[in-house]
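Hello,

Here is the structure I promised to pass on. Please open it alongside this message; my notes follow below.

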Amino acid sequence: MQQNDLFPAPGSRKNRKRVGRGNGSGHGTFSGRGIKGQKSRSGVQIQRGFEGGQLPIIKRLPRKRGFFNLNRVAYSPVNVGSLSLFAAGSEVTPEKLFEAGLIESLVKPVKVLADGEITNAITVKASKFSAAAKAKIEAAGGKVEEI
């Protein structure tokens, strides 16, 4: 066997479609592009989402923009000012916050934020603390513990 005896498998090679070579070829006159319209012209480049000048759906539905972060952690926020309803020296846990009605569920982790003032020296146990909230609780003589 020699190199000139080698041929591709039947049906594996196909000639490209030659358009605009007369009506006898079956692809003459409009060259498979139809009659008139934007896509029948040469050099057409329609960007993704273009709807012929109509307001595109991405602009009609602005709430659908962006993406949804699957790894986002949603916290139940609790302000330092609302912790003043607990007695001095008590230990505040997510369960006690739930019983007091300060958070809506125990499923989400609790984050303590610095809005408001605190005077009671209490021990607060939560998942996260803002730096300012931690400073306010410790300034009032309390303790901060991250769960």
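The largest nonpolar core has 18 residues. Leu83, Leu97, Val112, Val124, Phe129 and Ile137 touch the most other members. At least two residues of this core come from each of strand E3 (110-113), strand E4 (123-126) and helix H3 (131-139). Bear in mind that this is a predicted model.

Take Leu83 as a way in. Which residues does Leu83 touch, leaving aside those up to four places away in sequence? The list is Val78, Val92, Leu97, Val112, Ile118, Ile122, Val124 and Ile137.

Next, the strands around E4. Strand E2 (residues 91-92) runs parallel to E4, and 2 bridges join them. Glu91 has Thr123 in E4 as its bridge partner. E4 also pairs with strand E6 (residues 143-146), again in the parallel sense, over 4 bridges. There, Ala126 is bridged to Glu146 in E6.

Now the surface. Val44, Ile46 and Phe50 make a nonpolar patch of about 220 Å². Ile46 sits in the segment before helix H1 (57-60). Why does Ile46 count as partly exposed? Its relative accessibility is 37%, and partly exposed covers the range between the 20% limit for buried and the 50% limit for exposed.

One is Leu83 and its contacts, Val112 and Val124 among them. The other is the surface patch made by Val44, Ile46 and Phe50.

Best wishes

Key: Residues are numbered from 1 along each chain as its sequence is written. This is a predicted model: local features need pLDDT of at least 70, side-chain atom pairs count only at pLDDT 80 or more; totals for chains, interfaces and linings use all residues. Side-chain values use heavy atoms; hydrogens and water are left out. A nonpolar core is a set of buried Ala, Val, Leu, Ile, Met, Phe, Trp, Tyr and Cys residues joined through side-chain atoms within 4.5 Å. Buried means under 20% relative accessible area, exposed over 50%, partly exposed in between (1.4 Å probe, protein chains only). Contact means heavy atoms within 4.5 Å. Patches are made of residues with over 30% relative accessible area and no salt bridge: like charges are joined within 9 Å, nonpolar side chains (Val, Leu, Ile, Met, Phe, Trp, Tyr) within 5 Å. Accessible areas come from the Shrake-Rupley method with a 1.4 Å probe; for residues, only the protein chains shown count as cover. A salt bridge is a side-chain nitrogen of Lys or Arg within 4 Å of a carboxyl oxygen of Asp or Glu. Two strands pair if DSSP finds at least two bridges between them.
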